[in-house]
Each structure stands twice: as structure tokens, then as C-alpha cells.
Amino acid sequence: VVSRAFVRTLKKVLLLLTLLLIAVFTGTAWWRAHRALEEGAAQTAASGTLPFTLARVDLPIAPGFTAFSAAAEFQAAAAFQGDVYVCGRAALYRYSSAGKLLKIWHAGQELPPYPLRALTVRRGVATPELWIGTEGAGALIWDGQTFQQLRPQESGARKVSALLSMPNGTMLLGTPTAGLYSTDGKQLWLFHAQLAKVKVTALAGGQDALWIGTQDEGVWLWRAGTVRRFETELPDQQVLSLWSEAGSTWVGTPLGVAEFTNGEFSRRLASGVFARAVLAQNGKLWISSFDEGIFRLDLHARVPRPGAGEGFANGLDKSATALTLLDGQVVAVTAQALHEAARGGELLSAPAANLASGHIAALQVDAQRRLWIGYFDRGVDVLSLSGETTVQHFEDDVLFCVNRIKQEPGNGNILVGTANGLALFGAGGRLRQVLNARSGLIANQVTDILFQRTAEGGARTVIATPAGLTFIEGANVSSVYAFQGLVNNHVYTLAESGGTLVAGTLGGVSLLKNGLVQASFTTANSSLRQNWITASATAGKAIYLGTYGSGVIRMDEHADIQTFREFAGARVEVNPNALLITARAVYAGTAGRGMAILRRGQERWQFVTAGLPSRNVTALAADDDFLYIGTDNGLAEAAERNLLR
Amino acid sequence: MTLTMIRIFALMFLAGGLLWADSGVIIASGQTSPDAAMLAIDSLRISVVIDNGHATVHLQEVFHNKTANVLEGSYSLALPSGAAVSDFAVWDDVTRIPGVILERKRAAELYEQIRNQAIDPGLLEAGEIVESEASGQARHSSEFSVKIVPIPVFGYKRLEAEYRQNVPMAQFSGGLAVPLKAVNFEPQVVGKLFISLELKEPQSIVEFKSGGHSFPLKMSAQTEHVVRASFEGSNVLLNDDFSISYKVQAKPEISVQTYRAGSRNEPGFFEASVLLDQAKRAVEGTARKVVVLFDTSLSMQWEKLERSFQALEATLRALRPTDTFNVIVFNSDALTFSARPVAARPEEIAKALDFVRATRLRGGTNLQKALTAAFAQTSTGGSIVLLSDGESTEGAVSAKRFDAWLDKAWAALPQGPRPSLSVLAIGDDADIRGMRRIAAHGGVFEQAGSAEPLEFKLAAFIGKIGLAPLDGVRLAVAPQANTSLTYRLGQDDFPGARAAWVGRYQQPGNADFTIAFAARRVTKQVNLPAQETEHAYLPATWARARVDALLEKIDREGEDKASIEEIVRLAREYKFVTPYTSFLAAPRALLRPRLIRPGDPVLRVRTDASIVSLIALFPFGPIAPLHYLKNEDIWQTRFVAPEDLADGAHIVRLILRDRNGHVFREQKTFLIASHPPALRVQLASSRVRAGDRLTLHAQASQTTRTLTAQLYGAAPVYLKWDATKKSNTAVLTVPASLPAGRYSLHFSAEDSAHNVSHQEVALEVLP
């Protein structure tokens, strides 16, 4: 006979033993995972850590640059030291917890001239830090007082697409083409040999199970030192977003979400939803789609079905770029504001902006001192330079993707060349006419515009397109292309010197008189180093030509070509029609080296990057003493005299 | 605009396809070219039957999925001009799923239903419109393409396609080519290739040749009227097209083919034909006057203009110095090379060609003005040659009005020296019926589609310029009441051609067939049989002729319900596509439901109206929602290609959502061609003598589409890839009349994005 007391004691002992076993098992698993992480890091370290610099961000003082405020384009948000930090493409914003804007750090001013992409708080260290991933400058680290820059030597590792803080303080840096890196702030390693080339889009998890979302290889799971890839389990192989919570992970793709439990695939959710961001909390899965607003799924339901989040059904920006937790509250990060995901209420908003977009494609100052700003894909803004307030915004089927803006001498008309035709504005700023292929242009896409006088003294407008040239003389519209002898159909830039039309193309330069090709120059028959001519500007009898790869060259009236030492040996791409000549200097916008400047009378070019919102200078314009410098990440203004000082 | 984005000369085309279609190719999704390691052609059986000038080409292909994944792919079949798909079927395991012809509206509805079930249906429509590259102008396609899904893991997928094509006869010779050589890709290897050919010819076959050395035919029968041959091989590299040519005896005998199924209620069909053997009317040595009308309107941009120029140059260089010529370039206006025709001396021809090259393209097409100018040049006779797509946009635009004007203007010309009007219709979108009507004014008609070589057609076309067609070519059948709805096939009344008619007969019995031409009459008594099924092509050939006649009527008089209903009925019964019917290759195929227009660097996608959201996933990372441009009914976005993105074909994925929440995934190919093709020329000798044949060798980038060389005074030659020599080669004949001296041999290479490279090589012509 066994007494009841004995049975109770036995039960207690068994319970304790079970708990002990669980504790031992869990501890062993944690220790093994931890050790594997360290071993993995140690193995990588053994093969050599990667060179990088960690230094205080100390940009040279920009010579009088002023940034025009562009739409914020919020990317991510995080709470740090009691405030809310929001990362836009061109600036980092600090808000109080009540939503009051406290401070802005601009790319190119206080921060390196690269777009900002990701944001997270590093934990597991004595003093938490705010890490900001950039598209070219590595990671920026804010401790509340100063910025430091962790800058890998390898250029691919300087483009950060995702950041994750591990509980032990290790930071993971995902890159769009160069794999996954880890750092403790002192050393930088490639995280795992098998992940050396993955295109990282998202990171989630921790030391026991790390999830790595990729652009084209599904999702990788790193666990206990080994990696495993899931692809067929996902609705699509492109991973857009990840969230891990209590042993479960949700993988957002363009065609729905896959759920994993304890590292194993469990089910697919939200079929067909473009899951740009995911976040799970309290049995609910929040999904931000690209085009349908925010969904909320009850994960405990037998068949979870997406339902619209309250407040997001109408009225609010439906395209949340990210979902994040702020004080335990699910927050949707939209382009211009942060909202409560549950009710849609606005928590904070971006400051008012002058510009519709930061991606500038063309600039022109007109005779009325208005700055015409053509955007990559947001139409045209017209700003009064006296007041710097937006006068008008134009955006429609034609005024959408802008390439070039020119003012016609004499009548003051403004011509806007776009991917969908040529828009003509009257001097008063009213859209008067649109020309396209149906009207006689050789193609809809207009890349450059030039105004000429004909031999008879009439007016001629020359339109460059990827299919050749169109000449407009009154009601007479005619075209030429390679059939008529143009060196290449793809014409990017036009200039004129002494009555000769110079057409810079993908395949060299053609010189035309009265619409007939007189001569063409390529690398095969001239001293051109590069056939691809992207920009041109006339200076007296000479023409400066921007090239794709060989910087700027000068062609004199005899078609002799002069090259410059600063462009020899280094690959310098001049952006299309990003060449400007003033009385003082020649300016060239480059794809990655900022703005090149050649003072008149000198033979040496200098490169300026400080003060620019990006090193990718896409458009230039001048007005008296001021230069307007458009980039792919904003617009800056500088007094020319300061610039040349 | 950033620099990097201008690198895109995006040739957005349809799933997996580049600008020129390839025949019998499957490209697996996610790939940009056929990959035998993934999807190999296990076997290909080609059956060609040519019966009295009517070819039926049947292709049966078996593809092998060599991967452990279920694949989907895009199958494309380029059609020669005048060819029409008559059948298409996909095998799903042991089940053959044939395509069906449906009325267009019904086909569109079914297509939608099937597509909503996440199965891609295929839809082929006559005159389907795609958009040309940079201009954005619409053009019609001669390509049939379908999406094939699923192709099982390590499994096989069998496809069948059939098309019909007339084999025209010129100078008593006929020829047919079945395109097999890849245009855009590396030549493919076929595990097992079997080609069978049956040539049945009522006239005596005096010569038979198979072109090329790649497919040596084994003859199993070769009689006066029949040739049977075959080829069989394993692991065959498709680096050549399969082609044959034959010549028949010039005997003006009537031949009559018949078909009757045997049912008492069904009519029988006949085809009566004769070889027009009359001697050439034009007296050798008599000076000719040729006025060429050269279309430089915007619709002629790119290939059509190049082909027109090729035709112009060949036409002018075929003239003798005693002949005279003039060239009128026309668009909205008409501009004449010379005030009056000039002697066809080499220097005048060179000047005329330069004149055309220097002429700018302009908006519209005014055929009326061009012809008026040509009539003024030929008031004393001669030949007018029209090189155009015939899309008249100014002057008399409607077919009815234009035809009335032309007939009146033609009648007003002095009857004796009235000029002939020959037409070379350029391009897949040419107004064939309208241009045929122009050519009916004493001239010759020919069409040059984009998917076929021009040389053969051009030679036949030029050979007839200046010749007068035979008068009074007509057929009479007695008893007349027993036959009905008889139609002439083609309109070639020139010596050496075959004149043929198709018609129906009601009752079996004897009939007298009489064909008259050039004051001659040829008669034959034929027994129209109660049952005869050998010439199976006849019912469909007649139906096609009947539909063409109805379409002509609609062109002239406008649409009427009865005509449309009859067209739909005949098209469905005999399986061919018309403007009122579509070919639905259900349920697992697709023909371009959407259309991407190239841009630089703009991505444009046309969808059906149900799509409410479209997002592009670019291979280099960015995700961009496309904006719907209402006025253009097109979705558009712009993208930046990274600097390190290599030249070549890349894939952009599209996620489409319709108003019912259905989500579709598509992928499209775009081409980055940031560099013109590299070109390196080698000459065996830089010194030649007039009349010498010089072999040219050139290396050019893989992206090169056309590679030409031209010497002053000579027509350009096209260099073709020669695998044995590992070089592009051509033979150039130095004109015998070329004076000694130093000349430039001009090479140009053009890629699919119309980037052009040039190289000039000095050539010394020795005395």
C-alpha cells in the first residue's frame, strides 16, 4: 500500500526533475547556439576580419549649401532614449514622444551624402545606440550626442538594406548584393560563408534562430551554426518582410505570408496580399500591403482571413513602408507620417516640404526667376526663387517622368521633355500643348531640347529621342535617325556651335547642318575615349561633352578633342544633360562622385560632395550667382562665389 | 534623370521573347533564352506536304523538363507572311487539348474565365497589335506565342502546331522554307529530328533541290509529279532552316484537283490551275522607265524603312544604263529626286540613294499625292513601283474613296502608254487588301513580312517589273450552274506564274474547264467525283478565298451582318483566324494578354480593364507600383538600373491584382544594351579587281542582329554567321563596271535596340 503522502511527494519530485531536465535542455541548447554563433564568428575571424573604419562623422563644412526640403519618404522608425527617431531617405528626424519635431539631420549636411534606408536600436550593450543603415556610407551610429560612421572598405558592404540587433549586442548588417555581415563595433565579419552573396532584404530572430530574407532565394534560417533555405514553402521566392515572435516567424512576400513555427514551415496566410511589412502581436498578424492598406489576421482562427485594419479602410495613406512597435503599440510608418495601426490615428507627421519628391531629373530657371523642377517620376514643380514656396505642381499622364526642361528664347515658353512626350507651357506657366509620336515626333520619349535659328533666320526646335532627332519648324515636323546617317539612334544630348548641331548619342557624336549629318565621331575614328555621350554644353566655339565613363571632354571647332587629367584612369559617369556652363566655371553632375567643377581659365577639375544630399548629381541650373544642384536624393542651392572660393 | 537609368534601352517584349520571333522555341519562366539543361527539345517531327502549291506544315515537338521543378514556359512560332496557324494542341499526359476557333467576343469572354481560374489560356487574333520599340507605334505581329504550363518534373510536354502557306510560283519555280534556325538565340540541339516531305505537283517536276547541307534528304520517291523524301538524325544542331525549291515544266495544261467528302448534301470543291507560259512581253533591250515611290512616313520607321531601302536599291541596281528611273519619296508630301526620269547609270543611282537617305521622316502617308506625282512622271508609260505599308492617313483615306479615286485617275491616263502599278507591301501590318487592289492596275504584288528573308521575294518581284501581265486571264466552267462561288487565288498574271481558282460544285459529273489568257484558250474535260478526299487542303483553301472575298466586300461596302456571320462560320469550320474570330488555344496556353512597350528607362504595361493594381519587382531590387495613365490606357513606371547591371536580357516580375482580388504573376524580359555592338572586320585581301568575288569576315557582338557591308556601286551584302568558320561571312561581288581606285567598304552592325556600330575598311580596286 502506498500512502497518499508518498504519491504527492513522488509527484513533486517528478515535477522538479522534469523542470530540471527542461532547464538543462534549454540551457544546453542556448549554450550550443551561443557557442556556435561565437564559433562561427571566430571561424570567420580566423579567416580574417573585414577592414572597416569607425570614426566620428565629421563632414567638411559645406560651402554655403542650402537644402530644399523634399518629401520625407519615411522608411523606418524606432524609439530611442525616450524620443522617436524616424528615418527618411534624405534625413533623420527626431520627435518627442508627443510627436513634436525636435531635430533634423540632413544627408549631405550633417550626415554623409547617401540615402538612409534602415533604422534599429542596438541592445545588449551597456549603452544602447541607434543604428542607421545607408545606401553607400555603411552604418551610422548615434549615441544621443554624436554620430559615428562604420564604413566597410568593401563598397558592397557599405550599402545596408537591413539591420538587426542580437541580444548579445552583435549587430547584423544585411546588404542588397554582398551578403550578411556581423559586427561588435570593433571587428566586422562576413556572417556565414554560405550567405556571402545573398541579396538581403530583411532580418529577424535572434541568436537561437536567425532568419534572413532575400530578394531571390527565399528565406534562410541560421540555427546552431548551420543554415537552411526555404523557398518552395513560400508563396514567392522574394522576401519583403520578416517578423519573429515567440518561436514563430512570418515571412512576407509579394504573394502572401508564410508562417514558420520552431523553424519548420507551418502554413501560408493572406494569399495574394503583397506583404510589404509584417508584425505579430498578441495573436494578431499585421500586414502592410503595397496597394491595399493594412490587414489584420487573427492567428488563432481556424482559417485566418485578412481584414482591413480599423482606420485604414479610407482616407489614410495606404502604403505603409514599415510596421514597428513603439511603446508596445503597433505603428504604421507611411511616407509622411506615423500612424497607430489599430485606429489609424496620426502620431506624428513629416514637416511641410517644398518639393514633391527628392529624385530630381531636370532643372531650369526661367526668365521670371522661377525654378522648374522635373522629377524622376513625380511630374514638375515650379518654385518662386524669391519666396521658395511651391507655386504649382503639375503631374498627369504626360507630365510624369521628366527628362529635360528648357526655356525657349524670345517667347519665354517652357518645354518639358518627358517619357511620354513634349509638354509646352506658356510664359505664364500654363500648359498649352503636348506633342508626341502621334503629333510627328519620332518617339514619345524626349531626352533633350535645343532651339536653333535656321539659315533663313527662322526658328527651329530640335528634339532628341532614343529613336533619333525630330525637327520642328513651324508646322513642319520631320525626323532623322541612323537611316539618314546619325551615328546612333539613341540621342541623349544636343548642343550647337557655329550653326552646327552636335548630337551626343550612345554611339558617338554626330555633327549636323540643316538636318543633314555632316560627320560623326566615335572611338574608332577620333580621339574620343568613350562613345557614349550623355551631356553637352557650349562655351564659345568649344563644346564640353559629358560621357558615360570618361568624365568630361572638350571638342573645339575643328572637332579636335581635349581630355582632362582628372578623368584619366578613373571611371566617371556624367549624368544625362547634367552639364552647366556659367561665366565662371563648367559644372558636371556625376553618377557617384558628386559635382565636378572646372573654373574658367583653369585646366583642373575639382569634385564637390559636401553639402550635397547625394553623390549622384542629376541636374544643374543657374540663376545669377546661384547654382541649383539636383540629385537623386534632394535639391541643394549654393552661391557660386562661395562654391568657387 | 540619373545616368545609370539611361542605360536601359528596354526592349520590353512578350514573355521571354525578343524582337524577332523564333520558331518552335520554349523558354522556361525565369530564363531569357532556351536552356537545354532545363528544357531540352527531346524530339521534333516536321511534316511538310505541298499539294499543287499549297503547303501544310505540321510540327510536333516534345520538350523534356530536366529539372526537379515543375516548369512553365513560353512557346513561340514565327510565321512567314501569308502563313496562318491552322491548328495548335498541347498534350496533357495522354490527353490532346486542341485549340478552337471562336468568335472574337466569345473567345475574349472564355479567355477571361479561364484566366480567372489561374490557368493561362491562349488567344490568337488576326492582326493582333503589338507596339514597336521606341516609336510606340502599333504594328501587327506575325508571331504566335503561347504559355505552356505545367511541364512536369523530369517529364515531357508534347506540342503540335500546324500552319498553311501558299507556295507561289515564279518563272515556273517554287520554294518553301521552314524556319528552324534560332534568330535570337544560340542554335538549339534536337534529340531526334525527323522531317518528312511530300511534294505533289500536277505539272511535271523537272528539278528538285533541298537547300543547305544541314538536312540531307533521303529520297523515297521521285517521279514526274511526286517527290517524297525524309531526313532523320539524332542530336541535330538547328543551325539552318529547312528549305526546298523545285521547277516545273512550262506546259500550259489545265490541272484540276477535287475534294468531296461523299455526303450528298455537301458540295464538292475544285481547284483549277494553269501555268502561264506566254513568252515575256517586254522586249529584251527595250529601255524601261521605272518610278519608285518610297514611303518615308513615321509608320515606316525601323525595319520597314530598311527593308524598303533594300528593295529600292535592288530595284535600281537591276536597271540597265539604257533604262530611266526616278524616285519619289512621300509621306504627307511627295518629293521627287529629279524633275524627270534620269538614266540608270551607277552615279545617278548613287545620287538617288543618297537623296533617299537624306530625306527626313515625316508624319502622315498620302498615297493619293504620291501616285499623282508618279502619274505625272509616267504619262508616256513605264512602271510605278510602290514600296510602302500602305497605311494611308492623308488624302483619300477610306478604302472606298481611295479605290474610286485611283480607278478614275487610272482611267484618265492615256490607254496606250498607261503605266503599270507594282506594289511591294512592307511589314506585317501592311494593308494587304488595299495594296493588292492598287497592284491590280497592271502590276505585280508581293508582300515582305518581318519574319522572312527578303531576297527571294525581291528577286521575283524585280524580275516582273517592266513586264506586262498577260491579258484576259479567266476561267470558265461548263455547265456553269453546277459550280458556284469560284475565286481566283492570288493575282499573279505574269508568265511563269500559276493561275489558279477554287470553287464549289454541287453535283458529280463531267465538266469542261476552260482557262483563257493572252488570247489563248486551254480546255480540259474533268469528271467531278462523288467522293474524293486526297486533296484535303481544298475545303479550307476555298473557305479562306471566300472569306477574303467577303472581307473585300466589307472594305468596299461596309460591314453587314450576313457577311460577318458567314466569316465566323467558315473560320470556325475550317479553323483559321479572321478579323472576326480568335484562336483560343485552351486551356493551357496564352497569347500576349498584355503588352509591354519599351522605354528608356520606362516600363509600360497594357492590361485588361479588370486590373486595378500592378507592381513591378525589378531583378536588381527595387519594387515599384505602376501608375495607370488613363489617356493612354497603359500602366507606367520608371526605374533605375544599377551601374553594374550587365548588358543582356533581364527579367522584371509583375504582380497584377484585378478588381475581384485575384492576383496574377507575370514576368517580362527587357534588354539592356548600353553598348553598340562591337565590330571587327577582316579582309582576306584589300586589293581586288572589278568583277572579283571577295569573301568578307567580321566578328560582331552576340547582340548583333544585322550585319551588312556595302561597297560603292554595289548592293549591300548581309553577313551571316558561319559556324564552321566561326565568323560572320558574306561574298561581295565587286561591280564589273567599277573604275579602278581606292574605295571604302562600309560595315555596319545593328543590335536589337537599334544601336549601330560602323567600321570602314579601305579597298583598292586594281585596273
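Start by selecting residues 561–574 of chain B: this is helix α9, 14 residues that reach 20 Å from the first C-alpha to the last, close to the 20 Å expected at 1.5 Å a residue. (That expected span is 1.5 Å times one less than the number of residues. Helices are DSSP runs of H or I with at least four residues, strands are runs of E with at least two, and both are numbered from the N terminus.)

A word before we move on: this is a predicted model, where local features need pLDDT of at least 70, side-chain atom pairs count only at pLDDT 80 or more, and totals for chains, interfaces and linings use all residues. Residues are numbered from 1 along each chain as its sequence is written, chains are lettered from A and ligands numbered from 1 in the order in which they are written, and side-chain values use heavy atoms, with hydrogens and water left out.

**Still on the helix**

Color the buried residues of α9(B): B:Ser563, B:Ile564, B:Glu566, B:Ile567, B:Val568, B:Leu570, B:Ala571 and B:Tyr574. "Buried" means under 20% relative accessible area, "exposed" means over 50%, and "partly exposed" is in between, using a 1.4 Å probe and protein chains only. An α-helix has 3.6 residues a turn, so residues three or four places apart point the same way. Now click on B:Lys575, which follows α9(B) and has a positive phi, near 60°.

**An enclosed strand**

Next, select residues 498–505 of chain B, strand β32. Of its 8 residues, 7 are buried, so the rest of the structure largely encloses this strand. What pairs with it? Strand β21 (residues 268–275) of chain B does, in the antiparallel sense over 8 bridges; two strands count as paired if DSSP finds at least two bridges between them. Click B:Val274 and look across to B:Ala499, its bridge partner in β32(B).

Strand β31 (residues 483–489) of chain B also pairs with β32(B), antiparallel again, over 5 bridges. Here, B:Thr483 stands opposite B:Tyr505. Step back to the loop between β30 (474–478) and β31 of chain B and you'll find B:Pro479. Zoom in on the peptide bond joining B:Ala478 and B:Pro479: it is cis, with omega about 5°.

**Into the cores**

Which residues have the most contacts inside the largest nonpolar core? Select B:Ile46, B:Ile50, B:Leu193 and B:Tyr246, and you have them; the core has 50 residues. Strand β2 (residues 39–51) of chain B supplies the largest share, 6 residues. (A nonpolar core is a set of buried Ala, Val, Leu, Ile, Met, Phe, Trp, Tyr and Cys residues joined through side-chain atoms within 4.5 Å.)

Stay with B:Leu193 and show its neighbors. Leaving out residues up to four places away in sequence, B:Leu193 touches B:Leu44, B:Ile46, B:Phe215, B:Phe231, B:Glu232, B:Gly233, B:Val236 and B:Leu238. A contact here means heavy atoms within 4.5 Å. Then try B:Val292, B:Phe325, B:Val356 and B:Leu424, which belong to a second, separate core of 42 residues.

**Across to chain A**

Show both chains together. The contact takes 69 residues from chain A and 65 residues from chain B. Between them the chains bury about 5,300 Å², 55% of it on carbon and sulfur atoms. Buried area is the accessible area (1.4 Å probe) that two parts lose on being put together, summed over both. Select A:Phe376, A:Asp397 and A:Phe483: in chain A these lose the most area to chain B, together 14% of what that side buries.

Now hide chain B. The C-alpha trace of chain A spans about 125 × 55 × 45 Å along its principal axes, and its secondary structure comes to 2 helices and 57 strands. Of its 645 residues, 59% are buried.

**Two loops to finish**

Is A:Glu73 buried or partly exposed? Find it in the loop between β2 (65–68) and β3 (74–80) of chain A. A:Glu73 is partly exposed, at 27% relative accessible area, and its phi is positive, about 50°, although it is not a glycine.

For the last stop, go to A:Ala270, in the loop between β22 (264–269) and β23 (275–281) of chain A. Phi of A:Ala270 is positive too, near 50°, but this residue counts as buried at 6% relative accessibility.
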